[in-house]
Amino acid sequence: MNRERMRSPLGRALGLGSAKEGVEHWWAERVSAVALVPLTLWFVASIIAHTGSDYAIFIDWMRTALATISMILLLIALFHHTALGLQVVIEDYVHTGAKFAAVIVVRLGCFALASAGIVATLRIAFSG
């Protein structure tokens with residue numbers, strides 16, 4: 001995507017903007033939100049379909065390629081969207097020197113949770 005095309009004519013002329021990257025952040029939030037809609041619907045429908053199933057049946061379902069890939073995509077989209085949203089909240093409401101540290105903690109926390117979920121999903125998918 002051409003970065004200059006996404007800016008207003010005045011913004012292009014003056015070179016001003018929200019750190020010159022506000023549009024990318026906004027688009028990333030919207031794209032991750034759109035990706036979350038079908039993935040969340042799939043997840044909720046799958047959980048409802050497996051209500052009453054025992055552990056072995058659920059694990060067998062999680063080992064299917066579609067379930068494993070969909071779960072990993074859900075985790076990536078979910079925690080990316082969460083990190084972007086929390087960053088906006090911090091930037092809007094934290095007015096101290098702790099703003100940068102808070103954004104780093106949120107990013108690392110979301111990365112850690114996404115990584116843990118992906119590792120757990122892969123362990124289920126590839127366990128004996």
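The buried residues of H3 are covered by, among others, H2, helix H4 (65–93) and helix H5 (99–126), where buried means under 20% relative accessible area, exposed means over 50%, and partly exposed lies in between (1.4 Å probe, protein chains only). This is a predicted model, in which local features need pLDDT of at least 70 and side-chain atom pairs count only at pLDDT 80 or more, while totals for chains, interfaces and linings use all residues. Residues are numbered from 1 along each chain as its sequence is written, and side-chain values use heavy atoms, with hydrogens and water left out.

Taken as a whole, the chain has five helices and zero strands, and its pattern along the sequence reads α-α-α-α-α; helices (H or I, at least four residues) and strands (E, at least two) are DSSP runs, numbered from the N terminus. Of the 128 residues in the chain, 26% are buried. Among the contacts in the chain with a separation of 6 or more, 66% are between residues 24 or more positions apart, a contact being heavy atoms within 4.5 Å. The chain exposes about 8,700 Å², of which carbon and sulfur atoms supply 72%, with accessible areas taken from the Shrake-Rupley method with a 1.4 Å probe and, for residues, only the protein chains shown counting as cover.

To return to helix H3, which spans residues 55–62, its buried residues are Ile59, Trp61 and Met62. Seen down the axis of H3, these buried residues fall within an arc of 160 degrees, so they line one face of the helix; the arc is that of the directions from the helix axis to the C-beta atoms. An α-helix has 3.6 residues a turn, so residues three or four places apart point the same way.

Cys110, with neighbours within four places in sequence left aside, is in contact with Phe79, Thr82 and Ala83. In soluble globular proteins, nonpolar side chains tend to be buried together.

Helix H2 (residues 22–49) holds Glu29, which counts as buried because its relative accessibility is 14%. Apart from its neighbours within four places in sequence, Glu29 is in contact with His81, Leu84, Gly85 and Val88. His25 is also found in helix H2 and is buried, with a relative accessible area of 18%. Not counting residues up to four places away in sequence, His25 touches Leu84, Gln87 and Val88.

Glu29 also takes part in one of the two salt bridges that the structure holds, a salt bridge being a side-chain nitrogen of Lys or Arg within 4 Å of a carboxyl oxygen of Asp or Glu. The partner of Glu29 is Arg30, and the closest N and O atoms of this pair are 3.4 Å apart; Arg30 counts as partly exposed, at 35% relative accessibility, whereas Glu29 is buried. In the other salt bridge, Arg63 pairs with Asp60, the closest N and O atoms being 4.0 Å apart. Here Arg63 is partly exposed, with a relative accessible area of 33%, and Asp60 also counts as partly exposed, at 48% relative accessibility.

The surface, finally, carries a nonpolar patch formed by Phe43, Val44, Ile47 and Ile48, which together have about 330 Å² of accessible area. Patches are made of residues with over 30% relative accessible area and no salt bridge, with like charges joined within 9 Å and nonpolar side chains (Val, Leu, Ile, Met, Phe, Trp, Tyr) joined within 5 Å. Ile48, found in helix H2, counts as exposed because its relative accessibility is 59%. Ile47 lies in helix H2 as well, but counts as partly exposed, at 33% relative accessibility. The C-alpha atom of Ile47 is separated by 9.2 Å from that of Phe58, a residue 11 residues apart from Ile47 along the chain.
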